[in-house]
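Subject: Structure handover, with notes

Dear colleague,

I am passing on the structure below, together with notes on what was found in it. Please read the notes with the model open beside them.

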Amino acid sequence: MSDLLVRAARGERTERPPVWLMRQAGRYIPEYREIREDYTFREAISTPEVAERITLLPWEIFEPDGLVMFSDILTVLEPLGLDYHIESGTGPVVENPVTRPSEVPEDHADVREELDYVGKLLERLQHSVGDRTSIIGFAGGPFTLAAYAVAGQPAGKKQKPIRRFRVEYPEAFERLLERFADVVVEYVEYQVEKGADLVQLFDTYAGLLTPDDYREFVQPLHRRVFDAVEVPTVVFVRNPGGKLDLLADSGADVVSLDWTVDMADAREQLGDTPVQGNLDPSYLLGDEEFVREKTERVIEKAGPEGHILNLGHGIDRETPVENATAFVETAKEWEW
């Protein structure tokens, strides 16, 4: 295994920043679009050989220091008996949403059996490229998963349905978060068993919570997830605002920063806590010189210790492949 990414996640000084992109195997790659013509999204993620082909597309183009498995955060709905599909032009739709306390799942099926296709994908990736790069697993965070489960469909930036559910049914809200945490803990354990070298938790919508609510309801669940595995872990929350100190205390090894946070300010506030990020994804829509200039600025602000170069969110589908390549090459050519 190439351990550059793992060493950075542990806070070590690295000869250059390791680099990967969130959502790096996606619609900006023409070959991905060709594959998806033959498979629905759920068919693609649940068919290991197809998911492997898609995961490897960025490797064939620019060889990032981490390959994130091609999957989705909503896979963990399956062990809870919640069915979903991805509707073109709309996004994820949960067909049996949780709208009242009686609908909160009481238990869940065996994660390793229900999501065995994820384990098979990770095994395939370890066999194909595991000695040349780090394999990245991931899961959704409890609050974000609950937000999808309650809303039933994309609910906008404010995520009003889950916030209303929290107010109207506080006990059921806690139970729902606990159910998701139970499943996620088993899921990340399974990913590590099958070869994940690093695990990222996407609790994207947790940035909408007040600091008190995050501290009371979500932070303990994040700690449970991160304590469950011995590989390095990353936490990502969009628009973290005044929660950077809380995220640093979540038990994650690395705090992933979106582009709304100044990297230099975050490094000063977080001290020795490793960070990931945080180029604005829209910058990859410029020309290659612009991409390199802005990428270098992020690297300089982050410094040589404990930094994983990434975007501040997922790569935009309109991004030219050559710009994604320029982003990765800027990191590979860097020397401290």
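With which side chain does the side chain of glutamate 78 make a polar contact? The partner is the side chain of tyrosine 117, at 2.8 Å, where a polar contact is a pair of N or O atoms within 3.5 Å, of which, within protein, one must be able to donate a hydrogen and the other to accept it, residues adjacent in sequence counting only if both atoms are side-chain atoms.

Before going further, please keep in mind that this is a predicted model, in which local features need pLDDT of at least 70 and side-chain atom pairs count only at pLDDT 80 or more, while totals for chains, interfaces and linings use all residues. Residues are numbered from 1 along each chain as its sequence is written, and side-chain values use heavy atoms, with hydrogens and water left out.

Around glutamate 78

Glutamate 78 lies in the loop between β1 and β2 (84–87), with helices (H or I, at least four residues) and strands (E, at least two) taken as DSSP runs and numbered from the N terminus. Its relative accessibility is 18%, so glutamate 78 counts as buried; buried means under 20% relative accessible area, exposed over 50%, and partly exposed in between, with a 1.4 Å probe and protein chains only. Leaving out residues up to four places away in sequence, glutamate 78 touches Arg42, Tyr84, Glu114, Leu115 and Tyr117, contact meaning heavy atoms within 4.5 Å. Two of these neighbours also meet each other, since arginine 42 lies over the face of tyrosine 84, at 4.1 Å from the ring centre; a charge sits over a ring if NZ of Lys or CZ of Arg is within 6 Å of the ring centre and within 35 degrees of the ring normal.

The loop between β1 and β2 also holds serine 71, which is buried, with a relative accessible area of 11%. Apart from neighbours within four places in sequence, serine 71 is in contact with Phe41, Ile45, Val118, Phe138 and Tyr187. Phe41 belongs, with Tyr32 and Phe70, to one aromatic cluster, and the structure holds 10 aromatic pairs; rings of Phe, Tyr and Trp (its six-membered ring) pair if their centres lie within 6.5 Å, and planes under 30 degrees apart count as stacked, over 60 as edge-to-face and the rest as tilted.

Helix α4 covers residues 48–62, and at 1.5 Å a residue its 15 residues should span 21 Å, which agrees with the 22 Å between its end C-alpha atoms; the expected span is 1.5 Å times one less than the number of residues. The helix bends by about 30 degrees at leucine 56, with proline 58 following within four residues, the bend being the angle between axes fitted to the seven residues ending there and the seven starting there. Because 11 of the 15 residues of α4 are buried, this helix is largely enclosed by the rest of the structure. The buried residues of α4, among them Trp59 and Phe62, pack against α2 (30–36), α3 (41–46), β1 (66–68), α6 (116–129) and α14 (321–333).

Helix α7 (residues 142–151) is likewise largely enclosed by the rest of the structure, as 9 of its 10 residues are buried. Those residues, including Phe143 and Tyr148, pack against β3 (91–94), β4 (134–140), α8 (160–168), α9, β5 (198–202) and α10 (211–227).

Backbone details

After α4 comes glutamate 63, whose phi is positive, near 45 degrees; glutamate 63 sits in the loop between α4 and β1 and is partly exposed, with a relative accessible area of 41%. Asparagine 239, although not a glycine, has a positive phi of about 50 degrees, and its place is in the loop between β6 (233–236) and α11 (244–248). Glycine 152, which follows α7, has a positive phi near 85 degrees. A cis peptide bond, with omega about -5 degrees, joins glycine 277 and asparagine 278, and asparagine 278 lies in strand β8 (residues 275–279).

Glutamate 189

Finally, glutamate 189 is found in helix α9 (residues 170–193) and is partly exposed, with a relative accessible area of 28%. Not counting residues up to four places away in sequence, glutamate 189 touches Arg112, Ala228 and Val229.

With best wishes
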